[in-house]
Amino acid sequence: MSFQPLKGFRDFLPPDASNRARVIASLRETARRAGFEEVETPSLESLELFKVKSGEGIVEETFSFTDKGGREVTLVPENTPSVARLLVSRIKVEPLPVKWVAFCRLWRYEDPQSGRTREFSQCSLDIFGVPGVEAELELLATASQMLEGLGLQGEFVFRLNDRRLLQGLSDALAVKVPEAFHRALDRREKLSPREFDQELERAGLSPEGRERLGGLFDRAERAPDGTAGFAEVRSELERWGLSEIGTEGLRTLEELYALGERAGHAPTWRFDPSLVRGLAYYTGIVFEAYDRKGELRALFGGGRYDKLVELFGGGSVPACGLAIGDVRLELLLRRRGRWPERSDGLDVYVATADGALREEALTLVERLRRRGFSADRDLLGRPLARQMRDASRRSSAFVVLLAPKEREQGSLILRNMRSGRQDVVPVASLEDALAAGRAAEGPRGPAGPDAPSGA
Ligand code: AMP
C-alpha cells in the first residue's frame, strides 16, 4: 500500500519548507514594522460562523463535518469571520482602532488547478475602527512593502474599485437583477465574451446598456495605471449621471487615489470598474493584486466590510482587510527568480577518524550548537569516507575532523568544504576559526527575503 497526499494538499520537503518559512518571516517582519499585531485563531470553527457571513452556499466549499459531540464544525475556509468573532469578544477592552495580522492555513473544497489548492495559507491584515480611506491606504501600503520586501518591486499591480460604484452602474443601466449583474461581472474572466454578454442579458441589461458597459470596461483597460488612468475613467463615469450611492463610491475612490498619490503608491494602482470580489460582504472599496505580466490569478484580495462585526453582534465597527495567499506568491517568486532558493546546509559536520572519538564528537557538536552554529555528526558509526560523503550531502560548509594524532596535541583538523583547504586548529579556538572562515566565505546562496531590501 502506498499513501499520497490528498488531492489539492501538498507536502513540503527540504529545503522548500524552510524557504517558505523565510518568506513568511519576511511578511511577518513587514507587518510588524507597519504596526500590525499578530493574532491567531483556531483551524476548526463552528460552521455557523461562516453561514452567518456567507449564507448556506458556503457549506459546499468547506471541509465540514459533525463532530463527536454532534456539533457542525468546519476546517476554516477563510479567517475573516474568526478575526471578526475575536474582535467582538474583545470589543469592550480593545481600544479601537486595532490592526491585526494573522497567518493561517485554510481549507476549501475546490477543484485544484494551477494556483488553486484545497489547503493553502494566507497572511491576512485587518483594520477595525477606521471609517476613512486611511485604513485602505494602510493595507495597500503594507501589502506593497510585503511584496517589495520579497524582491517583487515593479512586478505587481493592484486593481481597485468600490462596491457602491458597482451599484451606481447597476442603477444607471437600469439592471433588473443586480445580483445576476454582479455575478456576471465576478465571472467575467472565466467567461467568453459571448457568454458574458448572455449573462448580462439575463441580468436584464438592454443591448445599449451592454454596449455602454463594454465601452467603459474597454476604456478602463486601455487607460494608464495610476491617478491619470483613474481620472480618465472617472470623467467618463461622471457623464453617466450616477446615482447617489454610485457617486459616493467614486468619491471615496478619488479620496484614496489622492492619498495614494501623495504617499507614492498610486502608480501601481489600476482602476477596474468591473472588479466585484464575490457577492455579499464588501461594502465599499475592494481591491486585488496581480502580477504585472498577468500570468497568474490574484495574489491577494480584500476590501472594506463595515457590516460584518455588527452581523456577529459587535455593534457598528468599520473594518477592512486583505489576505495574501501563499500558492500564487510562491509561483510568482519562482518565476521572477526571487524564491529564496537556499539549502539548509550545515555550518559544521563533526567527523571522527576513530570510533573511540565519537563521544568527543558528541560533546563538540553540542558545544558548537550552543554557540550558535548548526552542527551535526554521524549517528551510525560509519567509516570516515562515509562520514565525508554525508557531510557533502548535507551541504556542510566545514568539516571538523577529530583524529588521534591531532587530538594528542589538543587540536583538530578543520576543512573548508568549498575550497578544500585544511588547517590544524586548537580545539579551544575552533569557534574563532569557524567564524573567520564563515566571514571569508560571505553569505550562503542568493540574497533572499531576509537580506536587506532597501525597501
Ligand atoms: P479570498 O480569501 O478568496 O479573498 O482570497 C485571497 C487570496 O487567497 C487569493 O488572492 C489567493 O492568493 C488565495 N487563495 C484563495 N483561494 C485559494 C485556493 N483555493 N488556493 C490557493 N490560494 C487561494
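Predicted model: local features only at pLDDT ≥ 70, side-chain atom pairs only at ≥ 80, totals over all residues.
Glutamate 136 touches Leu256, Ile285, Phe287, Arg304 and Cys320, leaving aside residues up to four places away in sequence, where contact means heavy atoms within 4.5 Å. The place of this glutamate is in helix H4, residues 134-149, and here helices are DSSP runs of H or I with at least four residues, strands are runs of E with at least two, and both are numbered from the N terminus. Glutamate 136 is buried, with a relative accessible area of 1%; buried means under 20% relative accessible area, exposed over 50%, and partly exposed in between, with a 1.4 Å probe and protein chains only. Its side chain makes a polar contact with the side chain of arginine 304, at 2.7 Å, a polar contact being a pair of N or O atoms within 3.5 Å, where within protein one must be able to donate a hydrogen and the other to accept it, and residues adjacent in sequence count only if both atoms are side-chain atoms.

Residues are numbered from 1 along each chain as its sequence is written, and side-chain values use heavy atoms, with hydrogens and water left out.

Now to the ligand. It is surrounded by 16 residues, the closest being Arg108, Glu110, Thr117, Gln122 and Arg277, and a residue is near if one of its heavy atoms lies within 4 Å. A polar backbone atom of threonine 117 is 2.9 Å from a nitrogen atom of the ligand, and a polar side-chain atom of glutamine 122 lies 2.9 Å from an oxygen atom of the ligand. For glycine 325, a backbone N or O atom lies 3.3 Å from an oxygen atom of the ligand. Taken alone, the ligand exposes 480 Å², and the protein buries 88% of that, with areas from the Shrake-Rupley method with a 1.4 Å probe and, for residues, only the protein chains shown counting as cover. Strand S6 (119-128), strand S10 (300-304), strand S11 (319-325) and helix H12 (326-335) are the elements that give two or more residues to the shell.

Finally, the backbone. The peptide bond from leucine 96 to proline 97 is cis, with omega near 0 degrees, and proline 97 lies in the loop between helix H3 (80-90) and strand S5 (98-107). Alanine 174 has a positive phi of about 50 degrees although it is not a glycine.
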